[in-house]
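Student: Hi, can we go through a structure together? I have a few quick questions.
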Amino acid sequence: MRTATLGAALTLTLTATTALTLALTAPAHADAGGQVLLASCTATMTGTYTSPLDPGSTNAQQPDSLPQTGTVTCVDDAGQPLVRGTVTRTADLPAAQCSGITYSDPSTTRIAWADGTTTTLTLDQATVIAVLGTASTTGTGTATPDSTKFTGDSIDAAVMTSGPGCGTAKGQTDVASTMVFTLAH
């Protein structure tokens, strides 16, 4: 059997019977900073603020906590399913406003993957946009050293949160969030 690699992505194998095996593999893609993309993920979560936000349309800032749970799925660089799991995220908010997220929102996200491994992500907020009861934020972070999958890898994420109740007598309590993120090293 003879094997030859032509370029970074093409491997030819010839056997004694002259059968030809052709293997085409996609090389890993690196970003401008030299990081290699491992996974692109989407998490959908729901949660309830510990205290209603903006009851009676005051929209005063208040300390609050937002625990959320949901599911996460990830694909590889070629768009193929990679891993899935369940996610829990808690944001402790020193100055929450109704769907504004115009406060510092460092959060911890824990993922229990279907294969039994875990990842803990820390995310520092960088940019916030809030419009008509919907807020989005982007940020970067890392997978913590105690993670058993993606340990030490970097995260680049965007989170969008929305929910009813802003300006009502009851206030906003229940919200839904979508977090889209990439993991790279």
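Student: How far is Asp76 from Thr182 in space?
Tutor: C-alpha to C-alpha, 9.8 Å. In sequence, Asp76 and Thr182 are 106 residues apart.

Student: New topic. How many aromatic pairs does the structure hold?
Tutor: One. Trp113 and Phe150 form it, edge-to-face, with 5.9 Å centre to centre and 70° between the planes.

Student: Why does that pair tie together parts that are apart in sequence?
Tutor: Because Trp113 lies in strand E7 (residues 107-113), while Phe150 lies in the loop between strand E9 (134-143) and strand E10 (154-162). Those parts are 37 residues apart in sequence.

Student: Are Trp113 and Phe150 buried or exposed?
Tutor: Both Trp113 and Phe150 are buried.

Student: What sits over the ring of Phe150?
Tutor: The charged end of Lys149, 5.9 Å from the ring's centre.

Student: Last one. Where does pLDDT stay under 50?
Tutor: Over residues 1-31. The model has 41 contacts beyond four places in sequence for that stretch. Low pLDDT means the predicted coordinates should not be read in detail.

Student: What does the chain average?
Tutor: A pLDDT of 75, and 70% of the residues score at least 70.

Definitions and conventions. Residues numbered from 1 in each chain as written. Predicted model: local features only at pLDDT ≥ 70, side-chain atom pairs only at ≥ 80, totals over all residues. Heavy atoms only, no water. pLDDT = per-residue confidence, 0-100. Contact = heavy atoms within 4.5 Å. Phe/Tyr/Trp six-rings, centres within 6.5 Å; stacked < 30°, edge-to-face > 60°. Helix = DSSP H or I, 4+ residues; strand = E, 2+ residues; numbered from the N terminus. Buried < 20%, exposed > 50% of the residue type's maximum accessible area, 1.4 Å probe, protein only. Lys NZ or Arg CZ within 6 Å of the ring centre and 35° of its normal.
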